[in-house]
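Please read it alongside the model shown here.

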Amino acid sequence: MPFIANFPFFCILITMFGGIVTAIVNGKWAYRINTFVVSATLVLNGSLLLFMVKNPQAITYMMGHYPAPWGNEIRFGPLEALMATVFSFVTLSALVCGKTEIFDDVKPKNLHYFYIMINLLLSSLFALIYTNDLFTAYVFVEINTISACAIVMAKESGKTLAATMRYLIMSSLGSGLFMLSIVLIYGITGQLLMVPMHDEIAAIVSSGMFRIPLTVVIGLVCVAMAIKSALFPFHTWLSHAHGSATTASSAILSGLVLKGYIILLIKFIVRVIGLETIVSFKVLNILFVFAVCAMIIGSLDAIKETHIKRMIAFSSVAQMGYIYIGISLGNYWGLVAACLHIIIHALTKPMLFSAAGGLACASGHKKNFDDLKGAAYRNPLAAFAFVIGSLSMIGIPFFAGFASKYFISMAAMETGAKMWITLGALAVSTVLNAIYYISAIKVIFTRTDAPVVKHKNSASYVVGMSMLIITNILLGLFYQPVVNIIVKGIELL
């Protein structure tokens, strides 16, 4: 096994260790240590991705000295390396971009606690991406939940505390259902590692036994991950949590946290159950209905919203619908489209939240659209990023969001009955996306009688925002290499 196979374990370990070190330093040093740790994971994951592109393979890394079925394993290929690299990059960009607002919103005595939670959150996301053990996944799902709640309430206002309670209640429900599904599937298969579990399930399905218990397990996992990732109708907590948190927290929550659970679901579908098997159980049809509703209702909620961050949050509900509709199509290219949209949304939505934060800072920290008139002239960089992100989410050609919508459409062509519903939902949702994003652009570019006072962005904001803008533009123009990595990664999943 090459030495580079240790890198996923190193990423999980150093982020957890970074949380320990961060606990004993002050806020500024906590930021520096966290920036170093996240940068280190970006280098490690990026190196692993380059290795996997040149040597595509699936590597199983046994932790400790105990093999299956008692041991704990990490398993990774090109897809996992790509996702982890994107997650490291987005975390670094969001934290650098939102540094000033973090230091303004979070009390100095609590700053190191905030960065402890960021370290633990990133560690849990890496574990969800890399683990080959369902129970380990559950442990890190809980770490992820606690950390995410903590970074929502870091701002310490009445709104963030109420939003955190909503988030915690819904997320705990999802965690409980996931734990119950693990208990049931362990009782059926006697395995916790995903690959041995897949072999047991294949034998059980071929024998015709335990069909009803397996249907229950698949349904529980799908609903649990739908709750955790804010799929309609389990999305009511999302706008409050993302709309009231500090901007960096909103960016990470929307861009990454929701996706960690979806990646785990994709691994469960492909690696544990098998795509053909799960299609035969018809459970994906329920996810398909939820996804279509999310695409439409999330967009309608965004149109009605007058608060820019809550509008972007409701947009995330619609975007989760795109990802889930790719999964629920039940074919290979649907999964490719879903994974591509995970990456596109992970890179675009933090840019939109960061842009909204910059526009609000230039408008007296006000986030209602009435107060954001002319904000584009006060903060041109934030306005430019908002326009790029908006065009991407609408799905305009040559912008990143167009690619995933194209692949979802192509995947739908293979599904028969679902094809027309999918294409119709894509068309309606695209029009609705255009309505609220173009309306928002119109507001920020509307001139007012007040003199224009240019807002001076911090150096960290310029650096972080530039990283996100450049990456989004490049992804929109050159998405095919990313698709090639996803295709090979799903083959090896």
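**Aromatic rings, charges and cysteines**

Phe-9 is partly exposed, at a relative accessible area of 24%. The model is a predicted one. Across the whole structure, a search finds 21 aromatic pairs, and two of the stacked ones are described below.

**Phe-9 and Tyr-61**
- The rings of Phe-9 and Tyr-61 are stacked, at 6.1 Å centre to centre with 20° between the planes.
- Phe-9 belongs to helix H1 (residues 7-22) and Tyr-61 to strand E1 (residues 59-63), so this pair ties together parts 52 residues apart in sequence.
- Tyr-61 counts as buried, with 13% relative accessibility, whereas Phe-9 is partly exposed.

**Phe-402 and Tyr-406**
- Phe-402 and Tyr-406 count as stacked because their planes are at 25°, under the 30 degrees limit, and their centres are 6.4 Å apart, within 6.5 Å.
- Both residues lie in helix H18 (residues 400-412), where being 4 residues apart separates them by about one helical turn.
- Phe-402 is partly exposed at 29% relative accessibility, and Tyr-406 is partly exposed at 36%.
- One aromatic cluster is formed by Phe-402 and Tyr-406 together with Tyr-332, Trp-333, Phe-407 and Tyr-479.

**Charges over rings**
- The charged end of Arg-211 sits over the ring of Phe-281, 4.3 Å from its centre.
- Lys-99 lies over the face of Phe-103, at 5.9 Å from the ring centre.

**Cysteines**
- The structure holds 0 disulfides.
- Cys-293 is in no disulfide, and the nearest cysteine sulfur, that of Cys-222, is 16 Å away.
- Cys-293 is partly exposed, with a relative accessible area of 25%, while Cys-149 is buried at 5%.

Definitions and conventions: Residues are numbered from 1 along each chain as its sequence is written. This is a predicted model: local features need pLDDT of at least 70, side-chain atom pairs count only at pLDDT 80 or more; totals for chains, interfaces and linings use all residues. Side-chain values use heavy atoms; hydrogens and water are left out. A disulfide is a pair of cysteine sulfur atoms within 2.5 Å. Buried means under 20% relative accessible area, exposed over 50%, partly exposed in between (1.4 Å probe, protein chains only). Rings of Phe, Tyr and Trp (its six-membered ring) pair if their centres lie within 6.5 Å; planes under 30 degrees apart count as stacked, over 60 as edge-to-face and the rest as tilted. Helices (H or I, at least four residues) and strands (E, at least two) are DSSP runs, numbered from the N terminus. A charge sits over a ring if NZ of Lys or CZ of Arg is within 6 Å of the ring centre and within 35 degrees of the ring normal.
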